[in-house]
Amino acid sequence: MFGSSDLYEMPINMQSPEHTQYLATNPSPSFVHVSRDSTEGKNDRLSINSQVGQGERRAEEVCTSPVEPYCNVPPIPFTVDEVDVEGSGSGGNFNREVGIYGQGGMLGDIEENRVFRSKKELMTCLSIMSMRKKFQYKVFKSNTSFIVVRCVHPSCSWRVRANKLIESEYWMVTKHVDKHTCPTDFKTTRRRQATSWVVGECIKRRFINPGRVFRPRDVMDDMKQRYGVELSYSVAWRGRECAYENLRLGTPEQSYNLLPGYLHMLMQTNPGSVVNLEVTDGNKFQYLFIAFAASIQGFSYCRPVISIDATHLKGKYRGVLFTAMCHDANQQIFPLAIGVGDSENDAAWTWFLKRVKDVFGENPALVIVSDRHRSIRSAVEEAFPRAFHGICIYHLLNNLKTKFKSKNKELEQHYIAAAKAYNLQEFHVLFYTLCSAVPGAKEYLESVGLDRWTRSHAPCRRYNIMTTNISESFNAVLVKVRELPITAFVNEVRLLCQR
């Protein structure tokens, strides 16, 4: 929908000296400016706003503090390792295991003079090889400079020795006796090397798609089929969690630390966009608001009817996604803004709608369409006092069915027809038929306000937007990515908006 922009995909550690030096020496047309407003009785606010065309060099003010989750979780150091995808760079050969270890070769291959980037990669390679060849090994000697592993059978001659290269973190295999003299009946399907982090390395390619459903039982079946290893349910579950952390840029806590750096790069590549990140006085995440430049510029060509809705996130720290949508001239869904808050309450809705008003403005012809959530009503009255607040007719229909415990199809037909009637005469005929079929419906619907759910009584033009379907459709597309950590989730939303 929007013009694609090449967003830097690798979020950066905003506390690194290299990044601080880059910001100080590379002025840009858009950067993140951090300010704290301390007010008595209120939390300090960390605001990140787009500053376009000023070219200021305030490296010491740019996201110097990583944001923590809602609860008190200490920040965790985080580095991003390369993730190889099945089939990438191999001509689409998805049967090939693309290794991230050493200088070429297959994942799990051990040979003399092969170099590994770390001791952990060496041990992972050894573990995968032992699972493939169906034997077990034990660490005979190990320190910071070398490691020796042997087969667990005392009479077996198989062994591997590796040494750490001088003044380097790399490790090289210096000796490999690739001959097993242990009995064949010594092999087993349960092996000590199939730990959770090794399992995570083996299955992480299954989670490239954020919406992929891969249950622990599927992990057990996959490891049995590919490596002949029988896993317990607990090891399979922990292995799946390790794979999640590897592919989704770390743990949920680490994702909050990456968020300021990601937002900075977001505005670098989308000049004119508005991003607000607000935290508490304890540097805990509270609210996030994003409106892309294309949305801001395109709203003036859309009908002045905004549909707002919220949906719950499914990550470790939960939260709520707020959305504001409208229709463009082609009757297509046009995303205006998204927000993330702790819960769907008065404060969160008011904060989000005030940011929407600051960016898109308010005019007397503006219509806000939502469900009947009490927090939304109070927030609209405070943020948009001049706008008309309409109700989604399908949400009201469900409330009507629940209140009167009716499953009558005629009730739904008469209600929808009355709500969409264009003139008062047609409305009164349909409304009388509805009230005759359902005693008590007249008083209930009038107490809600006829102008809020009917087109004929509305003081402003609602056009054909009588429901919040455009917001709910947007939320439905994101249903499989709502369990992602915050930074990965925001990136998926960006990809959807800029598709």
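**Notes on the model**

1. The structure is a predicted model. Its mean pLDDT is 76, and 75% of the residues reach 70 or more. Over residues 1-65 the pLDDT is below 50, although the model gives this stretch 135 contacts beyond near neighbours in sequence. Residues 70-106 also stay under 50, with 81 contacts beyond four places in sequence.

2. An open sheet is built from seven strands, in the order β8-β9-β12-β11-β10-β13-β14, with mixed pairing. Its edges are β8 (274-279) and β14 (388-391), each of which pairs on one side only. With direction ignored, neighbouring strands of the sheet are turned against each other by 20° on average.

3. Within this sheet, strands β10 (residues 305-312) and β11 (residues 320-327) run antiparallel and are joined by six bridges.

4. Helix α15 (residues 469-477) lies across β10, β11 and β12, and runs at about 130° to β11.

5. Helix α8 also packs with helix α9 (residues 374-383); the angle is about 40° and the axes are 8 Å apart. The two helices, α8 and α9, are therefore oblique to each other, and their crossing is right-handed. On the α8 side the contact is made by Asp346, Trp349, Thr350, Leu353, Lys354 and Lys357. On the α9 side it is made by Ser375, Ile376, Ser378, Ala379, Val380, Glu382 and Ala383. Sorted by class, the contact of α8 with α9 comprises six nonpolar, three polar and four charged residues.

6. Helix α6 (residues 252-269) and helix α16 (residues 486-497) cross at roughly 30°, and their axes come within 8 Å. Helix α6 contributes Ser255, Tyr256, Leu258, Leu259, Tyr262 and Leu266 to the contact, while α16 contributes Ile486, Thr487, Ala488, Val490, Asn491 and Arg494. How many residues of each class does the contact of α6 with α16 have? There are eight nonpolar, three polar and one charged.

Technical notes. Residues numbered from 1 in each chain as written. Predicted model: local features only at pLDDT ≥ 70, side-chain atom pairs only at ≥ 80, totals over all residues. Heavy atoms only, no water. pLDDT = per-residue confidence, 0-100. Contact = heavy atoms within 4.5 Å. Pairing = 2+ DSSP bridges. Helix = DSSP H or I, 4+ residues; strand = E, 2+ residues; numbered from the N terminus. Axes fitted to C-alpha atoms, helices over the stretch in contact; angles between N-to-C directions. Parallel < 35°, antiparallel > 145°, perpendicular 65-115°, else oblique. Left-handed = near helix turned anticlockwise from the far one by under 90°. Nonpolar A, V, L, I, M, F, W, Y, C, P; charged D, E, K, R; others polar.
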